[in-house]
Structure formats: C-alpha cells, structure tokens
Number of protein chains: 2
Amino acid sequence: MTDYRRLRVALLGAGAVGSQVAALLLRHGDELADRAGATLELAGIAVRDLDAPRDADLPKELFTTDAETLILGSDIVIELMGGIEPARTYILQAINSGADVVTANKALLATYGSEIFDAADQVGASVYYEAAAAGAIPIIRPLRDSLAGDRVQRIMGIVNGTTNYILDRMDTEGAEFLDVLADAQALGYAEADPTADVEGFDAAQKAAILASLAFHTTVPLETVHREGITKIDKGMMDAARHAGYVIKLLAVCERLADGGAESISVRVYPALVNRDHPLASVHGANNAVFVQAEAAGNLMFYGAGAGGVQTASAVLGDVVSAARRHIAGGVGVGESTRANLPIVPVGHVVTRYQVTLEVADEPGVLATVAGILSEGNVSIATVEQTVTGEDATTARLVIGTHRAREQDLSDTVERLAASDVVVRVVSMLRVEGD
Amino acid sequence: MTDYRRLRVALLGAGAVGSQVAALLLRHGDELADRAGATLELAGIAVRDLDAPRDADLPKELFTTDAETLILGSDIVIELMGGIEPARTYILQAINSGADVVTANKALLATYGSEIFDAADQVGASVYYEAAAAGAIPIIRPLRDSLAGDRVQRIMGIVNGTTNYILDRMDTEGAEFLDVLADAQALGYAEADPTADVEGFDAAQKAAILASLAFHTTVPLETVHREGITKIDKGMMDAARHAGYVIKLLAVCERLADGGAESISVRVYPALVNRDHPLASVHGANNAVFVQAEAAGNLMFYGAGAGGVQTASAVLGDVVSAARRHIAGGVGVGESTRANLPIVPVGHVVTRYQVTLEVADEPGVLATVAGILSEGNVSIATVEQTVTGEDATTARLVIGTHRAREQDLSDTVERLAASDVVVRVVSMLRVEGD
C-alpha cells in the first residue's frame with residue numbers, strides 16, 4: 001500500500017448522519033486514502049453524552065466529550081451536530097486552528113454563513129457543505145464550479161423530502177394533510193414536531209444557500225419569503241389535478257431584470273407545477289433541483305434528499321475534497337459573493353396565479369369579480385365556475401391569471417375578499433415553471 | 001472595480017463551441033473576474049484558417065495561426081479544436097509550460113487521457129474537462145468530487161443527443177430510422193457522416209471517461225463494448241412499446257462483484273428501458289446520467305447534451321475553476337486511478353434480455369426453443385407468440401429472459417439461429433435499469 005501522508009479527522013456529532021460517516025470512514029479507509037491521496041485517520045468523535053445510543057457500532061475509545069481538544073489536533077473537522085451553538089463556535093475554532101471544515105448544517109450556514117466564510121477566507125481555509133442544500137444530490141459543486149462561467153436565471157427546487165412525501169401522497173391517494181402527516185411521523189419521514197419541514201423553514205434555509213451560490217450574493221435568511229404546506233387540503237389538490245397541475249413545495253431563486261438593474265428574489269411556497277414539468281414527477285421523499293442558466297439551458301439534479309447514509313455520502317465527498325486540498329497546498333477558494341445583487345421582497349415577483357373563490361351563485365357575480373381584477377392590474381387568462389354548495393346558493397370560481405405582480409395580486413385578492421359577492425377566498429397559489 | 005491579478009487565456013479553435021466561449025469571455029468579463037478572483041484576458045484565438053467564417057462576431061486582432069507562441073505566454077489554455085493531433089501536442093505543451101488546461105475533447109481524453117493526466121501530475125497542473133462527458137450537464141465534478149467518498153455501483157447514461165433525438169422520434173412518431181436520420185441531418189442534429197453518433201463511437205468515448213472517474217480506474221477506449229442504433233427498426237420500437245419499454249442508446253458503466261474480486265464493465269448499446277424509469281422520459285436531443293451509488297442511492301443529472309452555447313457554459317465553468325486554482329496556489333489535484341479494477345469483456349455481463357425470433361408456425365416449436373434456452377443456462381421469464389407472416393406459416397416469438405450471462409445468451413442465440421424451427425433472429429436487446 002502506498003505510504004500516504006496522514007490527516008487527522010475530527011467528527012462532531014454522532015447522530016443519524018454522523019454515525020454513518022464514522023462507519024464509512026472506518027470501513028472504506030483504504031479506498032478513501034487512494035482517492036484522497038492521504039490516509040484519513042478518524043481521530044475522535046465528540047458527543048454530548050457518551051452513553052447515548054448510536055445507529056452504528058463504533059469503537060468506544062473514539063468517543064469524547066472534549067470537542068475543543070479534538071478540534072485543535074485535527075486537519076479536517078466534520079461538524080454534524082446541527083443547530084447554531086456550539087456548532088458555530090467549534091467551526092470558527094477549527095478554522096482558526098488551521099483545519100478545513102465539512103458541515104451539513106444548513107441552519108447555521110443560512111444564518112452565520114458570511115461570518116464562517118469570512119473567517120475561512122482570512123486564514124485560507126475551506127468550508128465544504130455539499131450535504132447542506134439537497135442531501136445526497138450533488139448541487140453545491142455544480143452551482144459553485146460547473147456553472148461559475150454561466151448566469152443562473154432561476155432555480156426551482158424540491159428541497160424538503162418530508163413535504164414532498166406528504167404532498168405526493170395527498171396527490172396520488174387523495175388523502176388529507178393531517179392523515180398523511182401522522183403516517184409520515186409513524187414511518188419516520190416526519191419529526192414529532194414537524195414545524196421545520198411543513199412550515200418551510202428547512203426549505204428556506206436551503207433556498208438561502210442555493211441562492212447565495214447561484215447569484216454570488218449573500219442572502220440573509222430573513223430575506224427569504226416563506227410559506228408552508230399546512231393550508232393545502234384535498235380540495236386544492238383535486239382542483240390542481242383537474243387543471244393539469246400538481247402542488248409542490250418549491251424553493252424558487254430567481255434573477256429579475258427590472259429595466260436593466262438586476263435583483264434577485266428568493267421564496268419558498270407551495271406552487272402549481274404543470275404535470276409535464278420534470279419536477280412534477282419527483283415522487284416520495286426525493287428531492288430535485290431544476291436550474292435554468294443563460295448558456296447551459298435547463299438542467300435538473302435528482303436524488304434522495306435526506307437519510308443518514310445518503311447524506312453521509314455527500315459529507316464524505318467533502319472530506320475527500322478537503323484532504324486533496326490539504327495535500328495539494330494553496331489557500332482555500334472562498335465563496336464568491338461579489339455580485340451582491342439586491343434582494344427584492346416577494347411583492348415584486350411576477351408570476352401567474354390561480355385564485356379560487358367561493359362566490360354567491362347569482363347573476364352579475366363574474367362581472368363584479370372581473371371588474372375588481374381588472375382595476376388591480378390583474379389580467380384573467382382562464383375562468384372556471386362550478387356549483388358547490390348543497391343548496392346551490394354558492395359557486396366556486398377558479399381564476400387563472402396572466403403574469404402579474406405579486407403585490408397587485410395580493411391587493412386585489414384583499415379587495416375580492418372584502419367584496420359582497422365573494423363568500424371567501426378558498427386559495428391563492430402561484431404557478432411556477434411554465 | 002477590484003484590482004485583480006491578470007490571467008492570460010489562450011483559446012485553441014473557434015468552431016461552434018469556441019466562438020461562444022470567446023464571445024461569453026468578452027461579454028461577461030467583469031462578472032467572471034469577480035467570480036474567479038482574477039481578470040481573464042483572452043490573449044488570442046488560434047485557428048488554422050484566419051478567414052474561415054465564425055459563429056460569433058469576434059475582434060479580428062485576436063486571431064492567430066501561431067498556436068505555439070500563444071500557448072507559451074498563457075496561464076490557461078482552452079483546447080476546443082477536437083481530434084487527436086495537433087490537440088494532444090498543444091495540450092502537452094501547455095502543461096509543460098505551466099498552464100492549466102481546459103478541454104472538451106472526448107476523443108482525445110478517451111484515447112490519451114492517461115498520458116495527459118500523468119503529464120499534468122508531474123508538474124502539478126490541472127486538466128478540466130466538464131464539457132467532454134455530457135455537454136452542459138455537470139457530471140465530472142459530481143463524480144470526481146461529490147461522490148469521492150461513496151462507491152458508485154452503476155452509471156446508465158444517455159450521453160449522445162443525436163441518437164436520443166432519433167430514437168425518441170422513432171418511438172413517438174412510429175417513424176423509421178433512415179427517415180428520422182435524414183430529418184435530423186437536415187435540422188443540424190446529425191452530421192452529414194453520422195457514423196460517430198449512430199454507431200456509438202461518441203457514446204463509447206464518454207463512457208470511457210465516466211467509468212474512469214466513477215471507478216478510479218484507467219479505462220482504455222478499446223475495452224468499451226460498443227453497438228450502435230442502425231439496426232433498430234420500427235418493428236423493434238413497436239414491440240418495445242407493447243412490452244412497456246422504450247429503446248435508448250445507453251452507456252452502462254457497472255461495478256461487478258464476482259465472488260469477492262471486483263471488476264468493472266463498460267458498454268454502449270441500445271437497450272430496453274422500462275417506461276417508468278427516469279431515463280425513459282429523456283426526450284429529444286437531451287442527455288441524462290443516472291448514477292447508483294452505495295450510500296447516495298439513485299441520482300440523476302439531466303440537461304442539454306450538446307450545442308455550442310450549452311457546451312460553452314461547461315467550458316467557462318472550468319476556466320473559472322482553473323483561474324481560482326491559479327490564484328489559490330498549490331498543485332493541481334490529479335485524477336485518481338489508484339483502484340485500477342480489471343475491466344471484463346461484455347460476455348461476463350449479467351442482465352435480462354428480450355429475444356425476438358421468427359419461427360415456423362407449427363406444433364412443438366416452443367418446446368424446441370425452450371429446450372435450447374434451457375441447455376444454454378438461459379431461464380425464460382416471459383413468452384409471447386404472435387402470428388406474423390401473411391400466409392401464417394411463420395410466427396413471432398418474443399422471449400423475455402431472467403438475468404443471464406451475456407456469453408451464455410449469445411451462444412444460445414447462435415444455437416437458436418442454427419435451429420431448424422427458427423427462421424431468423426429478429427432482435428436481441430438487453431433490458432437495463434430494472
């Protein structure tokens with residue numbers, strides 16, 4: 001066997017992903033050494049509780065509660081603890097002690113990414129985070145490197161497996177949200193507290209990371225417009241299907257050109273996607289990222305979005321990259337955020353909409369509704385009316401709009417809601433990917 | 001504007017891709033500088049004929065016929081001439097003069113890749129070739145870097161746009177091969193001499209490159225089993241559709257485990273793909289690479305496989321990477337071929353098959369055919385018989401097999417062909433992706 005330089009690897013965290021990373025590092029050590037050009041020695045695994053149960057059978061002597069000492073003696077630090085602290089402090093310590101960092105911590109990167117990348121830049125270290133954006137799907141390197149010579153126009157990503165699993169089952173089985181959620185929790189696809197997934201927080205973090213990379217711009221998490229899927233019900237699913245759409249929770253990162261000056265919009269919401277679109281056939285807990293670039297055209301990256309062993313694959317790829325860089329020498333290549341495009345609020349976004357109204361079933365209603373839309377600068381593309389109430393006193397009006405400004409649309413929907421002829425606004429969904 | 005270090009970029013070749021690369025370099029120079037951390041100065045464009053017509057309007061003073069002088073003064077050399085010589089000599093000169101190299105030359109890499117990578121390793125230079133494997137689809141970095149910590153089990157790629165365009169139209173329109181080919185030539189999707197595409201040579205080069213990366217093994221082009229699509233006719237397409245399949249020209253790179261010792265198989269042939277498989281819905285001239293890895297599971301990368309501007313995107317991404325490395329310092333990370341797994345001939349491959357026979361329509365024929373298959377260690381999964389001849393003296397027998405060794409199957413098909421009851425072997429297709 002080749003006599004390689006030995007690199008000490010510290011692992012912080014031994015949860016579902018961490019355990020798999022440790023197991024794979026130990027099992028495939030020789031193979032990884034050949035690829036990295038360095039022997040990757042797992043120096044230790046820092047955990048909070050030495051006696052907690054682990055997913056994989058790992059040597060007891062590797063575990064320690066002293067993360068700081070472990071970090072100080074390491075060349076590569078893998079942070080898989082999750083959460084903000086102490087992960088942030090440990091990563092900064094690792095960088096300042098000369099280590100390269102591998103992390104899957106999307107919450108941390110979406111919040112403190114700039115601080116961490118700046119710290120790495122200062123000392124010439126690298127931060128790798130392939131697992132932070134779409135699980136096992138290689139999307140970071142394609143965006144950061146392969147498309148670095150192109151101009152990304154739009155990203156539409158299904159980046160949260162739990163919500164895609166729920167929406168997919170609602171679509172294919174005609175089930176209700178809460179029933180599928182309960183099932184997903186029982187099967188381990190959803191957490192006991194599903195808020196981070198179903199309210200779109202997880203997707204918003206990933207959207208911020210993807211947009212930062214795609215547009216070379218620092219995207220603070222609070223600039224990401226976020227809506228979850230808890231309001232999606234069977235009726236909306238049925239209506240979407242009837243109209244040739246499927247509802248997907250999308251992370252949309254878009255470059256806007258408003259009369260020359262460029263800006264970007266980053267938003268997460270359930271949207272109507274045409275059944276012919278490649279994203280429509282992403283089923284179950286899978287993820288996919290659809291990228292439109294000026295020169296490259298349409299690209300799609302598809303795969304498992306989560307899961308311990310799948311995410312471990314992305315983490316280990318980063319570890320090999322970090323090792324190769326350590327051996328090759330030179331400083332790490334920092335994040336490129338020099339474009340720093342302005343980020344516009346969701347009100348500036350222009351898309352098509354589908355608005356469903358419950359209205360009084362009487363003459364002149366359509367004229368009134370059409371009048372309100374027209375006053376609000378929202379142009380109607382399609383209208384479908386169905387009688388709904390058992391006593392046939394109300395009807396349902398499904399209005400497809402032409403492209404309109406979100407602000408115009410939401411102002412108009414407010415006026416519709418206040419109108420005498422409208423009983424209630426059933427739903428307002430954007431149409432993406434046309 | 002930031003005062004960046006200036007890097008001199010030489011472009012060799014100004015065809016469809018080269019012209020676009022030059023135009024984009026000139027148009028987006030400031031933006032690329034911000035991303036690369038260096039000003040990319042297009043120092044010159046080497047061509048054979050200064051007066052040849054170009055796709056883009058480029059400054060005349062950039063053109064030169066003196067490639068060698070241009071190369072010697074450059075930091076990054078982009079080779080887009082195609083062919084073996086003088087591309088090979090120029091690339092070696094560039095490496096030895098300290099430049100990094102970007103190339104889209106699949107023929108060269110599939111043939112002289114080892115020589116070029118070794119030369120780069122010697123001096124610590126880098127060779128980038130994202131555009132050589134699947135046009136604009138980022139697949140090199142995912143395989144080389146993102147999946148470097150995983151074990152790729154199988155790649156199934158639609159890596160030739162021309163043949164996918166032809167097969168897709170044959171499938172959707174029920175057209176014949178030669179008619180669609182003529183149309184594809186008229187539309188510019190196929191060359192006047194379509195051999196490289198329709199006989200699978202182009203796909204075989206890409207298969208060699210993908211397999212080298214995925215299995216960390218040098219894969220000589222002559223070890224790639226290759227069959228084209230010229231024998232695919234309407235009858236085979238109809239039969240495939242009837243059985244729930246679509247015929248795609250696939251590049252299959254597979255890791256085999258024969259009792260512990262690992263080996264790989266690399267092959268290009270038209271295969272039956274289940275309509276439910278993600279590869280089945282890759283239409284037109286698009287490409288897609290489906291990757292199965294031990295930890296990451298199933299991944300798919302989809303996009304435009306060719307086209308001047310699409311390929312230019314991949315080339316420019318490489319140029320930015322090369323510039324970043326130049327600025328960061330350190331030696332280039334070489335190719336990892338340390339696994340060097342043995343490459344087995346196609347006879348060792350195990351898949352399922354669909355064999356279509358024209359047989360005499362008389363009692364006992366099925367028994368005879370079944371007997372020959374059984375003697376050959378080929379187990380039958382499905383049989384369908386249809387009367388075909390106008391005078392009803394022959395019938396068509398479509399036999400689906402269980403997984404069998406290719407050598408056993410082809411020996412058996414030979415014996416079937418020689419049998420009295422078999423009029424002719426209509427087709428023999430592998431089933432991939434089950």
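Q: Which orientation class describes helix 2 of chain B and helix 13 of chain B relative to each other?
A: The model is a predicted one. In it, the axes of helix 2 (residues 29-36) of chain B and helix 13 (residues 308-328) of chain B come within 9 Å and cross at roughly 45°. Angles under 35 degrees count as roughly parallel and 65 to 115 as roughly perpendicular. Helix 2 of chain B and helix 13 of chain B are therefore classed as oblique.

Q: Is the crossing of helix 2 of chain B and helix 13 of chain B left-handed or right-handed?
A: The axes of this pair cross at roughly 45°. The handedness of the crossing between helix 2 of chain B and helix 13 of chain B is right-handed.

Q: How many nonpolar, polar and charged residues make up the contact of helix 2 of chain B with helix 13 of chain B?
A: Helix 2 of chain B brings B:Leu32, B:Arg35 and B:Ala36, which meet B:Leu316, B:Val320, B:Ala323, B:Arg324 and B:Ile327 of helix 13 of chain B. By class, the residues of this contact are 2 charged, no polar and 6 nonpolar.

Q: Which residues lie closest to the centre of the largest cavity?
A: The whole structure holds 3 cavities of 30 Å³ or more, and the largest has about 620 Å³ of space. Its lining consists of 29 residues, divided into 10 nonpolar, 9 polar and 10 charged. Helix 13 of chain A and helix 13 of chain B are among the elements that each supply at least two lining residues. Closest to the centre are A:Tyr128, A:Arg325, A:Val333, B:Tyr128 and B:Val333.

Key:
Residues are numbered from 1 along each chain as its sequence is written. Chains are lettered from A and ligands numbered from 1 in the order in which they are written. This is a predicted model: local features need pLDDT of at least 70, side-chain atom pairs count only at pLDDT 80 or more; totals for chains, interfaces and linings use all residues. Side-chain values use heavy atoms; hydrogens and water are left out. Axes are lines fitted to C-alpha atoms, for helices over the stretch in contact, and angles run from 0 to 180 degrees between N-to-C directions. Helices (H or I, at least four residues) and strands (E, at least two) are DSSP runs, numbered from the N terminus. Angles under 35 degrees count as roughly parallel, over 145 as roughly antiparallel, 65 to 115 as roughly perpendicular and the rest as oblique. A crossing is left-handed if the near helix is turned anticlockwise from the far one by less than a right angle, and right-handed if clockwise. Contact means heavy atoms within 4.5 Å. Ala, Val, Leu, Ile, Met, Phe, Trp, Tyr, Cys and Pro count as nonpolar, Asp, Glu, Lys and Arg as charged, and the others, Gly among them, as polar. On a 1 Å grid over the protein atoms alone, a cavity is a set of points where a 1.4 Å probe fits but cannot get out, and a pocket is an open set with protein on both sides within 12 Å along at least five of seven lines; lining residues have an atom within 4 Å of a point. Grid points are joined across faces, edges and corners, and a volume is the space filled by probe spheres set on the points.
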